[in-house]
Amino acid sequence: MEYFSYALSIKDRIFEDIGLTFYMLFLSAIFSGIFGLIIGVTLVVTNEGGILENKKLYSILDKITNLFRAVPFIILLAVISPLTNLIAGTRIGPTAAIVPLVFSCVPFFAKQVEQALAEVDKGVIEAAEAMGNSPFEIITAVYLREGLPSLVRASAITLISLLGLTAMAGTIGAGGIGNLAIAVGYNRYKNDVVIISVIVILIIVYAIQGIANLIIKKTSH
């Protein structure tokens with residue numbers, strides 16, 4: 001335990017940063033999930049051959065999502081800082097970090113959703129259309145239901161990616177276990193803090209993947 005003496009001396013901060021990580025992860029995931037799902041579904045149904053084909057709308061949404069996906073997160077933090085201040089009332093801290101985290105994850109998740117729903121059997125969609133189902137009914141009863149395992153898999157990938165981004169959010173004072181590993185563990189040569197941080201992050205990653213695998217197993221047919 002002597003090797004972990006410094007980590008034990010700052011255990012209160014470690015638990016605080018774990019809490020901040022979950023705070024950022026949870027709220028960012030909710031908003032990213034809602035907006036990403038809406039945009040992803042819209043991309044699928046407005047694409048060529050979609051049930052609500054609209055090439056102009058698809059082109060606009062596709063270009064916007066690709067644009068935001070191309071911007072590095074650390075640059076996005078600075079670019080949208082005025083908007084962050086407007087929404088969160090501050091440019092620093094964990095609450096402020098949620099805004100750029102959402103802006104970064106929404107286009108990523110939207111593309112994951114588009115890819116997942118594009119794999120839904122076209123024959124099932126055509127059968128639903130032939131039965132006179134409305135576009136909303138087809139989206140909810142066919143796309144989302146048939147594509148659920150793929151959507152869960154996409155959600156797990158997005159959550160793990162989001163966890164990585166919370167570390168970079170430390171540049172605006174957001175805290176979090178990833179930032180602790182860099183600011184204290186790496187910069188101050190406290191290897192025990194790095195090891196503890198990595199273990200915590202791995203536990204979160206495996207928990208996300210494990211839960212996702214269970215849901216996929218239960219929803220696959």
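Let me begin with the crossing of α3 and α6, which is left-handed (the near helix is turned anticlockwise from the far one by less than a right angle). This is a predicted model, in which local features need pLDDT of at least 70 and side-chain atom pairs count only at pLDDT 80 or more, while totals for chains, interfaces and linings use all residues. Residues are numbered from 1 along each chain as its sequence is written, and side-chain values use heavy atoms, without hydrogens or water.

Helix α3 spans residues 55-70 and helix α6 residues 94-118; they pack at about 125°, with axes 8 Å apart. The two are therefore oblique to each other, a class left over once angles under 35 degrees, over 145 and from 65 to 115 are set aside. On the α3 side, the contact (heavy atoms within 4.5 Å) includes Y58, D62 and F68, and on the α6 side F103, F108 and K111. By class, this contact has five nonpolar, two polar and four charged residues.

I turn now to the pockets. The largest pocket has a volume of about 370 Å³. Of its 16 lining residues, F35, V99, V102, F103 and V106 lie nearest the centre. Helix α6 gives the largest share of this lining, seven residues. The lining divides into 14 nonpolar, two polar and no charged residues.

The second largest pocket holds about 230 Å³ of space. It is lined by 13 residues, with E48, G49, G50, K122 and Y143 closest to its centre. Here the largest share, four residues, comes from α7. This lining has five nonpolar, three polar and five charged residues.

Terms used. Axes are lines fitted to C-alpha atoms, for helices over the stretch in contact, and angles run from 0 to 180 degrees between N-to-C directions. Ala, Val, Leu, Ile, Met, Phe, Trp, Tyr, Cys and Pro count as nonpolar, Asp, Glu, Lys and Arg as charged, and the others, Gly among them, as polar. On a 1 Å grid over the protein atoms alone, a cavity is a set of points where a 1.4 Å probe fits but cannot get out, and a pocket is an open set with protein on both sides within 12 Å along at least five of seven lines; lining residues have an atom within 4 Å of a point. Grid points are joined across faces, edges and corners, and a volume is the space filled by probe spheres set on the points.
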